[in-house]
Amino acid sequence: MQDLRAIFNPDVIKTFQVKQPLEKAKFWQSGAFTSDTTLRPLLTSGSKTFQVPYINPIDADLEANYSNTIFTDIAMPREISAGATSGRAAYLNEGFLESSLQRFLLQKSPLQLMAGMIDDYWAKQADNRAIATLIGLRNYDQGQSGKPLTTDISKATADAGSGFDVNAFIDAEGTLDEAYQGGGLMIVHPLIATKMRKQQLIEKLATTDNLPPVETYNGRQIITSKRATMIGKGANAKFVTYLLGRGAFAADMVRGNNDLELERTAATGNGSGHTTMWTRRNMLIHPQGFSFIAKDNQLTGGTKNEALSASWEDLTNKDYWQLDEIPERVAIRFLITNL
């Protein structure tokens, strides 16, 4: 077997990695992640917290001005409202022991295979941070008057009208602005995904040439997850389906300092030593219209000595989120049904 230290070349690995770090993330493929030129500087500045700017859409339901020939009739321009939400960057790293990379070292292009593995790993980390955030937003919404982001047709005792079907989906999607309907992403429990397949409403859709086809339901890409998509057990269990419109999250990712660093320890393994490859990313995954308001001393993304980032558990905490927009302008909805 080849020795990792003998073949390791970080510059070569980087040439094999995708230019857009989030390209392989399912949230990115569906359009639920959006990025622009304002986000990258936030991650490279070294700041722990940040402000994500947004501009509200122009309200076309207000009637436009009508032109005339009177010189003294002065039209007033429409004000465009804007604002910013507060968020926090995550500074992440992961190490892979040489033994865990053996299957790559045995191949003809080990560095290319490692590059793909690292890309996939960070893409899944981004998806998981988004899912944890959605759990926190739903927990937050459950405590609000009227639960404005939730459509709940479930019952304590399941019946024919309380299960997931296309009518429930349409009702929940109908609470979104038209701009967020007909596309984006939905996260469902595997049992709900199975029910969709039985109803023959799932389609396969090719997104790009270098990625496998994805499953879609009424135009939305499907992610199946057991995390916080089921409440209770048995025949009367309730299921949470998450609907996301395009651009629901502001997202970006950059390499952390000293990404792809090789480390050799001599004393570990009782003197036999270990070789580890370290990869690092600075990540911004933030829901549009919400602020993350946890204080530094409340965070658990780190160790007992210091925590600079929000952990998945922190992201699920309802007390750490605040809605800064009106619900109609938020591209996130929750549908609660029985099976």
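Residues were classed by relative accessible area as buried (under 20%), exposed (over 50%) or partly exposed (in between), with a 1.4 Å probe and protein chains only. The structure is a predicted model, in which local features need pLDDT of at least 70 and side-chain atom pairs count only at pLDDT 80 or more, while totals for chains, interfaces and linings use all residues. Residues are numbered from 1 along each chain as its sequence is written, and side-chain values use heavy atoms, with hydrogens and water left out.

The protein contains nine helices and 19 strands, these being DSSP runs numbered from the N terminus (helices: H or I, at least four residues; strands: E, at least two). The C-alpha trace spans about 85 × 60 × 45 Å along its principal axes. Of the 339 residues, 43% are buried. Among contacts (heavy atoms within 4.5 Å) with a separation of 6 or more, 78% are accounted for by residues 24 or more positions apart.

The protein carries 35 positive and 37 negative side chains, and the centres of the two sets are 8 Å apart. In this count Lys and Arg are positive and Asp and Glu negative, with His and the chain ends not counted; each charge is placed at NZ of Lys, CZ of Arg, CG of Asp or CD of Glu. Side chains of opposite charge can pair when their charged atoms come close. The structure holds 14 salt bridges, defined by a side-chain nitrogen of Lys or Arg within 4 Å of a carboxyl oxygen of Asp or Glu.

One of these salt bridges joins the side chains of Lys48 and Asp296, at 3.1 Å from N to O. Lys48 is in the loop between α4 (40-44) and β2 (49-55) and Asp296 is in the loop between β15 (290-292) and β16 (301-302), so the pair ties together parts that are 248 residues apart in sequence. Lys48 is partly exposed, its relative accessible area being 32%, and Asp296 is likewise partly exposed, at 41%.

A salt bridge is also formed by Arg220 and Glu173, whose closest N and O atoms are 2.9 Å apart. Arg220 belongs to strand β9 (residues 220-224) and Glu173 to helix α7 (residues 166-173), and the pair therefore ties together parts that are 47 residues apart in sequence. Arg220 and Glu173 are both buried.

In the salt bridge between Arg281 and Asp259, the closest N and O atoms are 2.9 Å apart. Since Arg281 lies in strand β14 (residues 274-287) and Asp259 in the loop between β12 (249-255) and β13 (261-265), the pair ties together parts that are 22 residues apart in sequence. Arg281 is buried, with a relative accessibility of 4%, as is Asp259, with a relative accessible area of 7%. Salt bridges with shared partners also join Lys48, Arg88 and Asp296 into one network.

Thr275 is located in strand β14 and is buried, at 2% relative accessibility. The side chain of Thr275 makes a polar contact with the side chain of Arg264 at 3.1 Å. A polar contact is a pair of N or O atoms within 3.5 Å; within protein, one must be able to donate a hydrogen and the other to accept it, and residues adjacent in sequence count only if both atoms are side-chain atoms. Apart from neighbours within four places in sequence, the residues in contact with Thr275 include Leu4, Phe96, Leu262 and Arg264.

Ala126 is located in helix α6 (residues 110-142) and is buried, with a relative accessible area of 0%. Neighbours within four places in sequence aside, Ala126 contacts Leu22, Phe33, Met253, Met283 and Ile285. The C-alpha atoms of Ala126 and Val12 are separated by 24 Å, and these residues are 114 residues apart along the chain.

Most residues other than glycine have a negative phi. Ala228, which is not a glycine, has a positive phi of about 60°. Ala228 lies in the loop between β9 and β10 (230-231) and is partly exposed, at 27% relative accessibility. Asn258, also not a glycine, has a positive phi of about 55°. Asn258 lies in the loop between β12 and β13 and is exposed, at 55% relative accessibility.
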